[in-house]
Each structure stands twice: as structure tokens, then as C-alpha cells.
Amino acid sequence: MAYRVPRLRLALRRGYATGARPSHLELLGEIHPTDSITNITPTIISKLPLRLHTQLGHPLSSLRARIESHFPDYTHLSSFSPLVTPFKNFDELSFPADHPGRAVTDSYYVNKDLLLRTHTSAHEVDVFRSGQTKWLLTADVYRRDEIDGSHYPVFHQMEGACIFPQDASAMKAVEEHNAQLSAHLDSSNIVIEDIPHITAANPVQPSHDPRHSELVAMNLKLSLNSLLLHLFGGVSGATKEEPLRVRWIEAYFPFTSPSYEVEVFFRGEWLEILGCGVVRQATLDRADVPDKMGWAFGLGLERIAMILNSIPDIRLFWSKDPRFLSQFSADPSKITTFKPYSRYPSCHKDVSFWLSEDTKMHENDLCDLVRDVTGDLVEDVKMIDTFTNPKSGRTSQCYRINYRSMDRSLSNDETNEMHSDVVSRLKDQFGVEIR
Ligand code: PHE
């Protein structure tokens, strides 16, 4: 998606009315200049210092501790800054120049040289270069996204990796480890749908001995299956009658091959919870450890915590309400089933408009605007109608915004006020004509 848009339009679609963009932003105590692609919003900036994965007793921090306890001989890292260069986030991991993840509609840019990491893989090369061979890294990551119960523009990932020398004795040790892990996994109340380690579409890397790649891929799958067993084995929802269902699927990542995704069946849906694969040799070459090979994975902590703790809405992780936080124990070995305190009434309001001819507005632009006006008081935003007038060529869109607080009832006046603020910002920032 390499596209070019004139400067003015860029400024508009990023969410700053013309002229309204500050020349500098203070982020985590440092001043950074903005430019024509700046699209980081005040709401997102306010999340940067929070680091929920390090707050004792927070369900995300407890989940991190549970995962770390499953990998006791790994180094546990969690203090990397979320501000990274596009080079670290993408190029160093072999992302092509036109990868859609680089688009300003998908990622938050401070300026053209700095963005908020979109995944914890952004630190792989640095960690490998520092000499770590078995490590876990936890961090907040940022992606522009729609508004609904399971998406939030900030979430938390944990990256894990293990690399081995590429020699016969190291491979023998991997083989032995695999045998041990398989023996442990055999009896469990988890049903795992597996796939072949290597296929024509999910190939071994040219520089790898296929037998080594197969052993490493197997070690990856067994290590993650045993992590999933450790995490989900004892919880309700994984009983003999209704075992937890996990499935492996072939995937593609620019920085691994073969690659996989793992999904867990939850409330009638397959939820993607992690991506992984055999680390691309280019990554290890860049990290000055070309003689090693290994695997890496990246998992989403919110998705797993929502399943484990029965948390129904991703916004709850950001709640400061003691009725949420006090339900969770500081002891990570205790898994609390969240008891919703109340479901407050929702109220939806529609907004219909003609898009102005020289402004493109992405759905993520609208969602960032809504988040800036309402904080977490919107439960979802859906486009319910769109059409283009064949004569004028103009496009009309209608969005339904569903207002609902997780902590209290919203008054009519308050909802109306927020909605009219959304509408007037839509006019100011995107030049739309309200219908
Ligand atoms: N970084 C990938 C993502 O966020 C996940 C991943 C990590 C895939 C490590 C492979 C290896 O989707």
C-alpha cells in the first residue's frame, strides 16, 4: 500500500486540523518534533507511562508472571521504550518497503523517524545482539484499530525466543528436550489441532538444514503447547467434557519461516492469540549471531487474560474502578474469575455525512477521534451505511456509535454533549458535511 497523498490531505486525515498540530510533543519526558505524518493522539500519549504489565496485581501483570514462571531459565525483560524507529520496527525484521503495517492508517507515528512499536519483535535484534539466547520480553504495543469489545489501540505483547548453536550436539539436546516435552503433553484436557511443521507454502529457509529446522519448529510447538497447557489446563472452560481447543495454522511473517499462528476457541469463536516461527537467519545475522538458529513467538496478553479471567470487554484493563482492580489478587498463581459488577445501559447515536472531495477519512481516523472525545465511554463504532452518488461521485457514510460506560450510567445530556463534540470535530478535522 505505497500511496502518495498531498501534504494538506495528510495533515487532515491524521487528525490534526490544519495548523493545529503542535510543533513538538513531550513523550515520556523527552521532546520530539512533529511533522506532516504525525498522527499520535492525546489519548494514546496518555497511555505511554502506564505500563499495565508492571502494575502489581493487575491481571496483565499476573499473566506475565505466570508465563515467566513457566520459563524459569529465560531472561525476563520489560523495560524497553515504546518509541522505536521504523527501521527497528520493520526494516531490521525484513519487512518489505510497501508492507501495510507501515501505513499511517495502521500505526502511530510521532514523526517520520519515530513510531510507537507495533509489536515486541521490534526488539529482537537488540536482545539477540546483547547475547541473550533464551528470553521473554513484555511490553505495551500500539496499533490503530476499530472500537469494539476485543480491540484497543494499546495492548500488551510478550515476545519469547530461544536460539541454539547449529551443531550436532546442540541439535541432539533439542531432540531430547522435544522427547521430554512430548511425554508431558500426552495426557491433558486440551485438544490440539496440529499441522505439518514444514510445507511448500511454509518452507524451510535456504540456509537451514531441513532436519534442524524441523527439530527447532517442533521444539517451538511443544514449548508453546506446554505453555498453553500450563495456562489453561486447570481453568473452567477446559474440562473433560469440554476441553480447551487450540489450533495451529500456517502463517506468514517477514521475520520467520516456517511461521504459524495459534488460535484458542472461546465463546464460539477462534481467537488468534499468538504468532511464531523459526527466526529468519537475516535477523540473527543483523544481531551478529549468524552461527545460531532458533524460534520466536509473540503473544497478546489481553486475549489470553480475557479468556482466563472471563473479562468481557478489553476496555476493563484500563479501568481504575476499585470494583475491577480489587477483584484480582497480587498472587499471580491465583486465577480470578471476574464478576461483572453491573452492565449499565447503552445508548447509540448515528452520524451521517458526505465526505468532502479532497479528504480521505479512514475508519481508524474516526475511531481515534471518538477515543479522544469520549475516552473509554464508547463500546463500539460500526459503519452501518455507505454509498456513492453516481452523478456527483460524492460518498456518504453513516456510523453508529454505541455509548456505554463500564462504571456508571451515562446521562442523556452527557451522551448528547459527547456526540455533538464528535460531530463538530468531524467537521473541523475532516471537512465532512453532516447530513
Ligand atoms: N510480532 C508478531 C505479531 O505481532 C508475532 C510474532 C512474533 C511472529 C515472533 C513470529 C515471531 O503479530
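At what angle do helix 11 (residues 363-374) and helix 12 (residues 412-430) pack, and how far apart are their axes?

Modeller: The model is a predicted one. In it, helix 11 and helix 12 pack at an angle of about 135°, and their axes lie 10 Å apart. An angle counts as roughly antiparallel if it is over 145 degrees and as roughly perpendicular from 65 to 115; helix 11 and helix 12 are therefore oblique to each other. The crossing of helix 11 past helix 12 is right-handed. Helix 11 contributes L369, V370, V373 and T374 to the contact, while helix 12 contributes M418, D421, V422, R425, L426 and Q429. By class, the residues of this contact comprise six nonpolar, two polar and two charged.

The axes of helix 3 (residues 59-70) and helix 9 (residues 301-308) come within 10 Å and cross at roughly 100°, which makes helix 3 roughly perpendicular to helix 9. On the side of helix 3 the contact involves P59, L60, L63 and R64, and these meet L301, I304, A305 and L308 of helix 9. Seven nonpolar residues and one charged residue make up the contact of helix 3 with helix 9, with no polar residue.

An open sheet of eight strands is ordered 3-7-8-13-12-11-10-9, and its pairing is mixed. Strand 3 (75-77) and strand 9 (190-193) stand at its edges with a single partner strand each, so one side of each has no neighbour in the sheet. From one strand to the next, the twist averages 20°. Within this sheet, strand 7 (residues 134-142) and strand 8 (residues 154-165) run antiparallel and are joined by nine bridges; D140 stands opposite H156 of strand 8. Helix 7 (residues 210-232) lies across strand 9, strand 10 (244-253), strand 11 (256-266), strand 12 and strand 13, and runs at about 30° to strand 13.

Strand 5 pairs with strand 6 (residues 114-116) in the antiparallel sense over two bridges, and N111 stands opposite L114 in strand 6.

There remains a hairpin. Strand 1 (residues 24-27) and strand 2 (residues 30-33) pair in the antiparallel sense over four bridges, and E30 in strand 2 is the bridge partner of L27. Two residues lie between the strands of this hairpin, where L28 takes a positive phi near 50°.

To return to the part requested: helix 11 and helix 12 meet at an angle of about 135°, and their contact includes V370 of helix 11 and V422 of helix 12.

Technical notes. Residues numbered from 1 in each chain as written. Predicted model: local features only at pLDDT ≥ 70, side-chain atom pairs only at ≥ 80, totals over all residues. Axes fitted to C-alpha atoms, helices over the stretch in contact; angles between N-to-C directions. Parallel < 35°, antiparallel > 145°, perpendicular 65-115°, else oblique. Left-handed = near helix turned anticlockwise from the far one by under 90°. Contact = placed C-beta atoms within 7 Å. Nonpolar A, V, L, I, M, F, W, Y, C, P; charged D, E, K, R; others polar. Pairing = 2+ DSSP bridges.
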